[in-house]
Amino acid sequence: MRPLQLYSDFGCPYAHRVLALLTELGLEFDHHESPIGAHPDGLEPHSPSGRLPILVHGDLVLGESVVILEYLADTFGFDAPFHADPTSRARQREVLAMVDVHLTPLALTSGVPPNMARFEEFLDVLTRAVLPGPPSLLTFALGPIWLRLRWKGDAAEFMRSIRARPLLEHWLDAMADQPSVTATAPAQTALKRALQSARAAGRIK
């Protein structure tokens, strides 16, 4: 079987999740990366619509980053993807189900939560999932997102809400600073230039 194949465009936070876990697990993989808003060579047979990121492993094609994380953990022996305690594990899974609804969009745009009360409730859910210990799948789902939110600074109301929860902020910082997350992160300046270039070329708005 060929090595794992990852298709993405540059700086994608969803792909960053996968790259970080692949690195953590020490897996061999081929990374097919395109400029932002473009499609990498070889993507079309696996995703005619052009969705990214895509992981290919033999005949299996996956295009949802959180599902990819779980597949890699299950297949390649990640020690503790979730906490052993059923209550803690359920809280972690709840966060995984909610993060791309409530947190990730804020890292990709300059917008605000459409419903601040709902966002505060999500932060409560997130805070209840805080657990000390080694990296879990939450590290790789949340670390790349929080890394990008830190780049935005503290002006937004939603960032002030997070900063008002010191335990949560410390936990998120630990995820973003995990070596495999930082090692696979794009440089902030390079990502900014790449976004400007993609907008100028009309590949993104």
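Is Asp-79 buried or exposed? Select Asp-79 and show the surface: Asp-79 is exposed because its relative accessible area is 79%. Here buried means under 20% relative accessible area, exposed means over 50%, and partly exposed lies in between, using a 1.4 Å probe and protein chains only.

Before moving on, here is what you have open. This is a predicted model, in which local features need pLDDT of at least 70 and side-chain atom pairs count only at pLDDT 80 or more, while totals for chains, interfaces and linings use all residues. Residues are numbered from 1 along each chain as its sequence is written, and side-chain values use heavy atoms, with hydrogens and water left out.

**Stop 1: around Asp-79**

Asp-79 sits in the loop between α2 and α3. Helices (H or I, at least four residues) and strands (E, at least two) are DSSP runs, numbered from the N terminus.

Next, select the two helices, α2 (residues 65–76) and α3 (residues 86–102). They pack at an angle of about 150 degrees, with axes 10 Å apart. The axes are lines fitted to C-alpha atoms, for helices over the stretch in contact, and angles run from 0 to 180 degrees between N-to-C directions. To see the contact, show Ser-65, Val-66 and Glu-70 of α2 together with Arg-93, Leu-96 and Asp-100 of α3. Contact means heavy atoms within 4.5 Å. By class, this contact has two nonpolar residues, one polar and three charged. Ala, Val, Leu, Ile, Met, Phe, Trp, Tyr, Cys and Pro count as nonpolar, Asp, Glu, Lys and Arg as charged, and the others, Gly among them, as polar.

**Stop 2: the nonpolar core**

Select Leu-72, Leu-103, Leu-142, Leu-149 and Trp-171, the residues with the most contacts inside the largest nonpolar core, which has 49 residues. Such a core is a set of buried Ala, Val, Leu, Ile, Met, Phe, Trp, Tyr and Cys residues joined through side-chain atoms within 4.5 Å. Helix α6 (residues 137–152) supplies the largest share of this core, nine residues. In soluble globular proteins, nonpolar side chains tend to be buried together.

Zoom in on Leu-103. Leaving aside residues up to four places away in sequence, Leu-103 touches Phe-119, Phe-122, Leu-142, Ile-145, Leu-149 and Ile-162.

Then find Met-159 in helix α7 (residues 157–163). Met-159 counts as buried because its relative accessibility is 0%. Again not counting residues up to four places away in sequence, Met-159 touches Trp-146, Leu-149, Arg-150, Gly-153 and Asp-154.

**Stop 3**

On a 1 Å grid over the protein atoms alone, a pocket is an open set of points where a 1.4 Å probe fits, with protein on both sides within 12 Å along at least five of seven lines; lining residues have an atom within 4 Å of a point. The largest pocket holds about 780 Å³ of space. Grid points are joined across faces, edges and corners, and a volume is the space filled by probe spheres set on the points. Colour α10 (188–200), which gives the most to this lining, with seven residues. The lining divides into twelve nonpolar, seven polar and six charged residues.

For the second largest pocket, select Leu-131, Pro-132, Gly-133, Pro-134 and Trp-171, which lie nearest its centre among 19 lining residues. About 340 Å³ of space lies there. Helix α8 (residues 166–176) gives the largest share of the lining, five residues. This lining has twelve nonpolar, seven polar and no charged residues.

**Stop 4**

- Glu-24 lies in helix α1 and counts as partly exposed because its relative accessibility is 34%. Beyond four places in sequence, Glu-24 touches Phe-78, Pro-135, Phe-140, Gln-178 and Ser-180.
- Val-112 is in the loop between α4 and α5 (116–128) and counts as exposed because its relative accessibility is 62%. Val-112 and Glu-157 are 45 residues apart in sequence and 7.9 Å apart in space, C-alpha to C-alpha.
- Pro-53 lies in the loop between β2 (29–34) and β3 (54–57). The peptide bond from Leu-52 to Pro-53 is cis, with omega near -5 degrees.
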